[in-house]
Amino acid sequence: MLETRDLARFFDVSRPLIQRVLAGEGKRMLRAVDGVSFAIPKGKTLSLVGESGCGKSTVARLVVGLYGPTRGEVIFDGQDLAQARSNAAQRRRMQMIFQDPYASLNPRWRVREIISEPIRAFGLLSDRGQIEARVGQLLTQVGLSPLDGQKYPHEFSGGQRQRISIARALSSNPEFLVCDEPTSALDVSVQAQILNLMKDLQRELGLTYLFISHNLAVVRQVSDRVGVMYLGRLVENAPAETLFTTPRHPYTRALMEAIPDLDMTGRQRIPVGGEVPSPISPPSGCPFHPRCPLANDRCKAERPELMPARGTAETQVACHAVEEGRDGGPQLEPAAMAAG
Amino acid sequence: MNAVARFFDSDLWWSFTRNPITVISAIVAAICIGGAVLAPWIAPHNPFDLASLQLLDAFKPPAWSPEGDPNYLLGTDDQGRDVLSAIMYGARVSLLVGFLAVVMSVVLGVSAGLAAGYLGGTVDAVLMRIADIKLTFPTILIALLIDGVTRAALPRDVHDQIALYVVIFAIGFSNWPSFARTVRGSTMVERNKEYVQAARVIGLGRGRIMVTHVLPNVLGPVLVIATLQLGFAILAEATLSFLGVGVPPTQPSLGTLIRIGNDFLFSGEWWITIFPGIALIVLVLSVNLLGDWLRDALNPKLR
Amino acid sequence: MSNTQPLLEVRNLRVEFPTRRGTLVALDDVSFEIQPGEVLGVVGESGAGKSMTGAAIIGLLEPPGRIAGGQILLNGRRIDNLPYKEMRTVRGREIGAIFQDPLTTLNPLYTVGRQLVETMTTHLPIGPGEARKKAIEWLELVGIPAAAQRIDSYPHEFSGGMRQRVVIALALCAEPKLIVADEPTTALDVSIQAQVIALLKTLAREKGTSMMLVTHDMGVIAETADRVAVMYAGRIAEIGAVRQVVKHPSHPYTIGLMGSIPPITHRLERMQQIEGSMPRLSAIPRGCAYNPRCPQVFARCREERPELTPAGETRASCWLYDAESEQQVLRAGAHA
């Protein structure tokens, strides 16, 4: 359904020209996304996880065309993205759900105007009565009442607003949805509602999802495949079950290790040290090497490419240690084992 | 709930009723504006009806002084014109100029700010540099310049006919940057909000997004500045008229009245200039106080 | 535990917000205590009143909010009615505060060293020279590399995680007895979060400081706290030892809350969810605030408000655990 090839996006964060000349420095580029390739089959969910600044949200915006790529390409159902987006009939097939339910709805519009905007923009229905009926049906589909269409966004709670956001995205009958942290601004009990709703909709409508999140536990619940991002690159891409039971990249393992233990096994966690480096001046070689327990000279000098991991079928890892077998091979994640 | 009921239930109305100074300014402003707008119907005399002017009644002091005439509450000027009526007619001109000048600044400034903030890049740089350059010239200077050019370029009778519009243009043109800057700032915030991105994902055009999504959400501060600028525009017009380059003497504004009266100040006929002056102060002050309140009431941080 | 005097005691605390549409009750009948050296977690969803509880204790309620009833006692002394000036001394010397956003605590115009030194010289009987030496020690203790050099840096020169470490040093340097930490790790990345939690835990244990840890993240509580209070709509729904609350919750809300946390260990076909959302303060239902969402609701819940009562190993405010209502529950069960 969707494929990216060597996708990259740099942002110019240089200071204004005059200051730059005076300080004698060159242009500064923030490499938000630097060579990301993945594919999402129809009806499946690929999740991208990573910490803030890893470029996962930029990928989401590249995929729906809010940003143009600096390098590489996005292919939507066999077509180049720019081509697909210039055609309304193709554009209609992709939609996006955003993180902040307080900013994603125009506060001055009524809910029914918000939800019907894509219908009107794509000219899917023209009759007022038909539009009204469709909005009511969409509201019911996301668990709200058709009467809610009369209200303004501020009359709803965060979870309800996210439902409105989903209804708007569904109104153009899309096949592919990009979900940028759709639950991270919500409370945990509401998060479960929204995740269940999204799973139901995927089943009923055969939707394909690109799911962006920093929460590994949420990602485990919704994904078929998971890509782990670090400093603008994919460091591991694996089927969800495999990733959570046998994570291979040292960074993936560190992320798992960092999750507080709710089962209270009393297991002592060893948090990974250091911080995420700036994407303006990423470290040489493997970007994770300053924090990696397995780093050696090769890791400092040479950037690892994503390649099939030894010993774990279908997993791709960008790590010299895994390639050379220095990581001790596939190991079961202790947290995953606890559940059996 | 209909719109009227919603307004009286809103936080804005509530904050209004809680604020005695604001209520008083609103009443005062309403009296001033009402008196000005309705002048032809409620003014005791028509100062422009030459037939009704009695030269014998010239230089009458206010009604409460010993030589006062109860017919002329605030006295009369050198030609026997009723000062109160002249003020009401003058305020009409002042308000007209102020209001139209502000409308012009709003249209110019909001368009420029919206375009600069939403489109960014070169459009932004060019528009904002123009605004910066504009800001380095004082309003009065620009108005004098525009007035001078039109005066030199046009025959006298033509100039007199359009003098009112020249003043409106001069003041309106000099005030747009403050609207442009505010709208640009708010637009840049709104542009990055997710509801605008959602509209972009659908593929709506930039113009449509600017007008339907961004514009309604940046108008709050515009209303505040417009109210404050109304007071400023009235003052600017009064200054120009006082300097003799404003509205033509056939349509005297408050500023013109003050200038005319100024000549008699030292010969003892103080009322001819003082009363228009007080009217100007009261009008501008009440409008500005309303603007201040509006700014506070619409600012979520101060609520 | 009840033999020793608690360090902090909150009794029937009530916080109100007068608004034009009437008075909103943001906290109602909140009671708990914190023993010396204990970490009490306060958990709840947004709007539950957990941050408000912390703000009331440190005397920083945002106006027009005010304490309308109840008492807050620190070492047996009432601190809820102290004048502003006195409260400021208490806040620095006896209670330290850590907020979600480190930038609200740090003054951007002063170096971190100056802020540490000022805090110490104000509250401790030491001079500036000694204070500076201690400031460097503190920065080392919270894990700032090259502390002796970084002490003269400004807050903006630190990364988010490092800044939060500086805030921790600032909160601890006057050696307070109690720390109120409001979502101290929420703004941080997962890997940094783990570092900061570990640091807070170690320091609190080493210094014997009590801590009130306010967060929405049950995982953080499970790792850090000794006891936990679960808040809902301005009231305490359940309170007890963290292990009991996490593993064997009694209140239907806690059960629902725990159930809706997505597990990292396995994939669920469908997650447990609590229907609806927390009521707004202006529309808290009669009786038990949770009754419209509760799967085990019965008649009494809609009428009367439950108090905290022993429920299994914890204490919960729920009529299910009241002897009188057992009959009703049985009847309701028979109907169903």
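1. Let's begin with chain B, which reads α-α-α-α-α-α-α-α-α-α-α-α along its sequence. That makes 12 helices and 0 strands in chain B. Please keep in mind throughout that this is a predicted model.

2. Chain B has 303 residues, and 44% of them count as buried. Among contacts in chain B with a separation of 6 or more, 70% come from residues 24 or more positions apart.

3. The largest nonpolar core is worth a look on your screen. This core holds 266 residues, and those touching the most other members are Ile87(B), Ala169(C), Met212(C), Val230(C) and Tyr232(C). Helix α5 of chain B, residues 83–119, is the top contributor to the core, with 19 residues. In chain C, domain 1 (8–225) and domain 2 (251–262 + 287–335) both give residues to this core, so the core lies between them. As general background, nonpolar side chains tend to be buried together in soluble globular proteins.

4. Which residues does Ile87(B) contact, leaving aside its neighbours within four places in sequence? They are Leu254(B), Leu257(B), Phe275(B), Pro276(B) and Ala279(B).

5. Next, the contact between chains C and A: chain C brings 38 residues to it and chain A brings 35 residues. On the chain C side, α8 (190–207), α9 (218–224), α10 (242–247) and α11 (252–259) each supply at least two residues. The most comes from α8(C), with 7 residues. Sorted by class, the side of chain C that touches chain A has 16 nonpolar, 15 polar and 7 charged residues.

6. Chain C also has an open sheet of 4 strands, in the order β2-β1-β4-β5 with antiparallel pairing. At its edges are β2 (22–34) and β5 (77–78) of chain C, each pairing on one side only. Inside the order, β1 (residues 8–19) and β4 (residues 66–74) of chain C run antiparallel and are joined by 7 bridges. If you want a pair to centre the view on, Val10(C) stands opposite Ile72(C) in β4(C).

7. What does β9(A) pair with? Strand β3 of chain A (residues 45–49) pairs with β9(A) in the parallel sense over 4 bridges, and Val49(A) has Val228(A) as its bridge partner. Strand β10 of chain A (residues 233–239) pairs with β9(A) in the antiparallel sense over 6 bridges, with Gly227(A) standing opposite Asn237(A). The hairpin of β9(A) and β10(A) has 2 residues between the strands, and Leu231(A) takes a positive phi near 50 degrees there.

8. Finally, a word on confidence in chain A. Its mean pLDDT is 89, and 96% of its residues reach 70 or more. Residues 336–340 of chain A deserve a separate mention: the pLDDT there is below 50, and the stretch has 9 contacts in the model beyond near neighbours in sequence.

Note on methods
Residues numbered from 1 in each chain as written. Chains lettered and ligands numbered in written order. Predicted model: local features only at pLDDT ≥ 70, side-chain atom pairs only at ≥ 80, totals over all residues. Contact = placed C-beta atoms within 7 Å. Nonpolar A, V, L, I, M, F, W, Y, C, P; charged D, E, K, R; others polar. Core = buried A, V, L, I, M, F, W, Y, C linked by C-beta atoms within 7 Å. Buried ≥ 20, exposed ≤ 12 C-beta atoms within 10 Å, placed from the backbone. Domains from an automatic or database assignment. pLDDT = per-residue confidence, 0-100. Pairing = 2+ DSSP bridges.
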